[in-house]
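Dear colleague,

Please find the structure below, handed over for your records. My notes on it follow directly after.

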Amino acid sequence: MVDRIKIAAGNWKMNGSFATNDSLLSAIHAGSSGVTGEVMVFAPAVYLDRLVQAVQNMGSNIIVGAQNLSEHPHGAYTGEISAAMIKELGCSHVLVGHSERRSLFQESDQVVAKKALAALEHGLMPVSY
């Protein structure tokens, strides 16, 4: 039998600001004491560095993850973020195969598989829901 880890995760979508993110992260940190399992936040890429630093400064166990990644390791893919970039920011998890990415951007099973593989190759845990 496989032991399952309970996960409480929030995807911030295309929302946030420095001030609201700081406030929300503080509230999540305060509310997650005593929680068994993992608490994760998936924020827009522009906020990841700041959130990772805030979690470290708090001494929190909150996991900060990216909302998306490119299946490509590097190159002329304007606006994309690679697995290596996400890892360098200090994230350990990344969303792949999100229903919105599939419907709005027509991401196929093949693209999602490539993204998951790119994540794993760089030590990131792909999360899908």
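Helix 5 (109-121) has 13 residues and reaches 18 Å from its first C-alpha to its last, close to the 18 Å expected at 1.5 Å a residue. The expected span is 1.5 Å times one less than the number of residues. Helices (H or I, at least four residues) and strands (E, at least two) are DSSP runs, numbered from the N terminus.

This is a predicted model, in which local features need pLDDT of at least 70 and side-chain atom pairs count only at pLDDT 80 or more, while totals for chains, interfaces and linings use all residues. Residues are numbered from 1 along each chain as its sequence is written, and side-chain values use heavy atoms, with hydrogens and water left out.

The buried residues of helix 5 are Val112, Lys115, Ala116, Ala118 and Ala119. Here buried means under 20% relative accessible area, exposed over 50%, and partly exposed in between (1.4 Å probe, protein chains only). Viewed down the axis of helix 5, these buried residues fall within an arc of 160°, so they line one face of the helix; the arc is that of the directions from the helix axis to the C-beta atoms. The face turned away from the buried side carries the exposed residues Asp109, Gln110, Lys114 and Glu121. On the buried side, the residues pack against helix 3 (83-89), strand 4 (93-95), helix 4 and strand 5 (125-127). Gly123, with a positive phi near 75°, follows helix 5.

Lys13 has a positive phi of about 55° although it is not a glycine; Lys13 is placed in the loop between strand 1 (7-11) and helix 1 (18-31) and is partly exposed, at 31% relative accessible area. Gln106, also not a glycine, has a positive phi near 50°. Gln106 lies in the loop between helix 4 (99-104) and helix 5, and counts as exposed at 60% relative accessibility.

With kind regards

Notes. Contact means heavy atoms within 4.5 Å.
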